[in-house]
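Please read them beside the model.

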Amino acid sequence: MLRGPRLVLRPLTVAGIGALQAGRCGELESLTGTRIIADIQPPPLLDAALGPVRGRSLTESAAAGWWTWLAVERATGTAVASPGLGGPPDADGCVTFGQATFAGHTGRGYAVESGCLLLDWAFREPRVRRALMTLPPHAGVALGVAARLGFTAIGRAEDDEVGELVLLERTCRTA
């Protein structure tokens, strides 16, 4: 578990990732002991990523924490967001990062707090040198959150379903 001022992050199990992917709120509540107050519908990019993440986590169970997490509001025990990584760092020290804030919980800073908690955790691993993420160029709020998390645009990418994406990078900061 990772603890922030307002949030607690809990890594999801394979079953929890499946429940999140399918939007099975009752099952996710049972598995995590967390309140779900709205239907959870992952956004398109997260939904497309959860299937492969769930498949890889089945075969790479030793990599606990390097997948999908649930951000829970400490005061209420309510799930508010889901940040995640695309697996352990690759040979070049790179991880992929993504996140979603659940309906009814946007605009409260949860994306920044949960993203900071998870990225700080990842960068404590000496092998991690950088994190990458992609966002649609028209996702102004999400691009602003990415900037607050320390990401900068380094190029463009294409997705068959979404179209053009901005490729963003955050490098390990050393003191």
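1. The model is a predicted one. The partner of glutamate 125 is arginine 127: their closest N and O atoms lie 3.0 Å apart, a salt bridge. Arginine 127 is also partly exposed, at 47%.

2. Arginine 130 and glutamate 169 make another salt bridge, with 2.7 Å between the closest N and O atoms. Arginine 130 belongs to strand S6 (residues 130-135) and glutamate 169 to strand S8 (residues 163-171), so the contact ties together parts 39 residues apart in sequence. Glutamate 169 is buried at 17% relative accessible area, while arginine 130 is partly exposed at 28%.

3. A salt bridge also joins the side chains of glutamate 113 and arginine 6, at 3.2 Å from N to O. This pair links distant parts of the chain, 107 residues apart: glutamate 113 sits in helix H4, and arginine 6 in the loop between strand S1 (2-3) and strand S2 (7-11). Glutamate 113 is buried, with 12% relative accessible area; arginine 6 is partly exposed, with 33%. The count of salt bridges comes to six.

4. How many of the 14 residues of H4 are buried? Twelve are, which leaves the helix mostly covered. Among them are Tyr110, Glu113, Trp121 and Phe123.

5. The length of helix H4 (residues 110-123) agrees with expectation: at 1.5 Å a residue, its 14 residues should span 20 Å, and the end C-alpha atoms are 20 Å apart.

Terms used
Residues are numbered from 1 along each chain as its sequence is written. This is a predicted model: local features need pLDDT of at least 70, side-chain atom pairs count only at pLDDT 80 or more; totals for chains, interfaces and linings use all residues. Side-chain values use heavy atoms; hydrogens and water are left out. Helices (H or I, at least four residues) and strands (E, at least two) are DSSP runs, numbered from the N terminus. The expected span of a helix is 1.5 Å times one less than its number of residues. Buried means under 20% relative accessible area, exposed over 50%, partly exposed in between (1.4 Å probe, protein chains only). A salt bridge is a side-chain nitrogen of Lys or Arg within 4 Å of a carboxyl oxygen of Asp or Glu.
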